[in-house]
Amino acid sequence: MKVLDYILERVSRGKVHMTLIDPDKQPPAEAGSLAAMACDVGTDAIMVGGSTGVTQATMDATVTAIRTSGTVPVILFPAGASSLSRHADALYYMSLLNSRSTRLIVGEQRKAARAVREWGLETIPMAYLIVEPGMRAGEVGHADPIPRAKPDEAVEWALTAQFLGMRLVYLEAGSGAPEPAPPAMVRAVRDAMQIPLIVGGGIRTPAAASALAKAGADILVTGTVVEQTKDATRLREIVAAVKGR
């Protein structure tokens with residue numbers, strides 16, 4: 001089964017949780033252990049990426065360790081064309097639509113295209129949208145973050161993504177953000193479009209995860225809380241909140 005089909009099938013049955021692991025935050029063996037822990041508590045996929053400057057060698061080693069340890073699809077979440085791995089199950093072929101830089105909208109994607117074709121890596125077209133405060137992702141992405149008080153702006157970007165043929169929309173408040181995208185914004189975007197909505201950044205508690213899921217997020221992503229705490233109980237509680245258990 002294609003990874004996109006797997007995601008869509010999971011979304012059709014309920015809410016989905018994904019765990020983000022940054023190769024720059026721990027050695028590959030530890031990343032594999034984190035992935036195994038996440039799988040044990042019910043995460044539906046492992047996303048790998050995040051930091052700039054991650055080498056392909058580091059990415060390859062991390063993805064290989066995660067695939068050895070985990071039981072769910074491994075999806076690349078790259079900062080650019082230089083941080084890919086042929087060993088992943090799929091690649092978010094993502095465009096940072098609200099960037100001021102064409103490099104982040106389509107330039108890095110062009111650089112990666114030949115390698116992706118040669119490797120036969122499954123691509124999942126995804127719109128990546130930075131929401132205030134944006135954190136490091138917004139800075140590196142030269143983004144004009146969507147103001148938290150302007151859900152209509154998020155709706156316009158999301159509809160643009162859908163009409164361009166993207167298969168997923170990702171609202172990103174930024175790794176380590178003090179709080180995630182506002183539930184009111186999530187609800188407005190979910191009501192406006194027909195493709196799955198991913199929300200990430202700033203989700204640290206079961207209550208925050210539950211609020212976003214109830215607002216309409218189809219897929220919720222947690223990363224920093226997993227890497228910083230390495231606490232299986234806490235992650236299990238977040239996954240349970242996402243899935244309404």
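Strand β1 (residues 16-21) has six of its six residues buried, so it is largely enclosed by the rest of the structure. Here, "buried" means under 20% relative accessible area, with exposed being over 50% and partly exposed in between (1.4 Å probe, protein chains only). Strands are DSSP runs of E with at least two residues, helices are runs of H or I with at least four, and both are numbered from the N terminus. This is a predicted model, in which local features need pLDDT of at least 70, side-chain atom pairs count only at pLDDT 80 or more, and totals for chains, interfaces and linings use all residues. Residues are numbered from 1 along each chain as its sequence is written, and side-chain values use heavy atoms, leaving out hydrogens and water.

In a regular strand, side chains alternate between the two faces of the sheet. As for neighbours, β1 pairs with strand β8 (residues 219-222) in the parallel sense over four bridges; to count as a pair, two strands need at least two DSSP bridges between them. Four bridges also join β1 to strand β2 (residues 45-49), again running parallel. T19 has a bridge partner in each: T222 in β8 and I46 in β2.

Strand β4 (residues 90-96) pairs with β5 in the parallel sense over seven bridges, and A127 of β5 is the bridge partner of S95.
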